[in-house]
Amino acid sequence: MASATGFYDFKPLDKRGQEVPLADYKGKVVLVVNTASKCGFTPQYAGLETLYKSIKDKHPDDFVVLGFPCNQFGSQEPGTDDEIQNFCQVNYGVTFPIMHKIDVNGDKADPLYEWLKAEKPGLMGLKRIKWNFEKFLVGRDGQVKGRWASTTKPESLEQPILDEINKKQ
């Protein structure tokens, strides 16, 4: 989808391989995270779920977390989409959408991630995703508002997310 110019133009695949138009999330604040089941940061699934539920309780129609499994970092996400879903639900009670497994770097990088990295480069302008559980915050307007490293705990993002939710369009 080389013609995509904004967040809402993308249609990544869900766990069943069906397109999910990100336009469905127009007007919501979205936290996009590349995930893995066998990583030192995997316990962040618990933090992401807590964050998701906490904000959804107060703002039920304004926020979503989208997890994108990726096996590019130390082969830490070797499972199938079904195995990944099962792992997330059984071990962390994940209720936010876990999408189809993708690449986030390289020649086969998902177009959404190419766009996110171009919109919000990392430290020193580097665009590559460095590891699992990097986080991008997309505002209600579809613009990338923040990017955080794997070491940033999901719970610490509550205030930036609430700040975006409380902005009027």
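Author: A word on naming before we start: helices and strands here are DSSP runs, numbered from the N terminus. By that scheme, E77 sits in the loop between strand 2 (63–69) and helix 2 (81–92). Please keep in mind that this is a predicted model.

Reader: Thanks! Staying with E77, how far away is the nearest side chain of opposite charge?
Author: That side chain is K101, 5.8 Å away. E77 is buried and has no salt bridge. The cut-off explains why: a salt bridge needs a side-chain nitrogen of Lys or Arg within 4 Å of a carboxyl oxygen of Asp or Glu.

Reader: Which residues is E77 in contact with, leaving aside its neighbours within four places in sequence?
Author: Among them are T35, A36, S37 and Y45, and K101 is on the list too. The others include P69, C70, N71 and I84.

Reader: Is F133 buried or exposed?
Author: Buried: its relative accessible area is 0%.

Reader: Changing topic, what does UniProt list for "active site"?
Author: The UniProt record, an unreviewed entry, lists C39. You'll find C39 in the loop between strand 1 (29–35) and helix 1 (44–58).

Reader: Why does C39 count as buried?
Author: Because its relative accessibility is 9%, and buried means under 20%. Leaving aside neighbours within four places in sequence, C39 is in contact with Q76, W131 and N132.

Reader: Now salt bridges. How many does a search of the whole structure find?
Author: The search finds 7 salt bridges. One of them joins K53 to E49, with the closest N and O atoms 3.6 Å apart.

Reader: How are K53 and E49 placed in helix 1?
Author: They are 4 residues apart there, so about one helical turn separates them. K53 is partly exposed, with a relative accessible area of 42%, whereas E49 is buried at 5%.

Reader: Nice. What about K117 and E114, how many residues apart are they in helix 3?
Author: K117 and E114 are 3 residues apart, which again means about one helical turn between them. Their side chains meet in a salt bridge of 3.1 Å, N to O. In this pair the lysine, K117, counts as buried at 6% relative accessibility, while E114 is partly exposed at 39%.

Reader: Which residue does D141 form a salt bridge with?
Author: With K145, the closest N and O atoms being 3.0 Å apart. D141 counts as partly exposed at 41% relative accessibility, and K145 is partly exposed too, at 30%.

Reader: Last one: which residues make the nonpolar surface patch?
Author: L123, M124 and L126 make that patch, which covers about 420 Å². M124 lies in the loop between helix 3 (111–119) and strand 3 (135–138). At 80% relative accessibility, M124 counts as exposed.

Reader: Great, thanks for the tour!

Technical notes
Residues numbered from 1 in each chain as written. Predicted model: local features only at pLDDT ≥ 70, side-chain atom pairs only at ≥ 80, totals over all residues. Heavy atoms only, no water. Patch = residues over 30% accessible without salt bridge, like charges linked within 9 Å, V, L, I, M, F, W, Y side chains within 5 Å. Areas by Shrake-Rupley, 256 points an atom, 1.4 Å probe, with all protein chains shown as cover. Helix = DSSP H or I, 4+ residues; strand = E, 2+ residues; numbered from the N terminus. Buried < 20%, exposed > 50% of the residue type's maximum accessible area, 1.4 Å probe, protein only. Lys, Arg positive; Asp, Glu negative; His and termini not counted. Contact = heavy atoms within 4.5 Å. UniProt positions renumbered as here; feature names shortened; annotations may be inferred.
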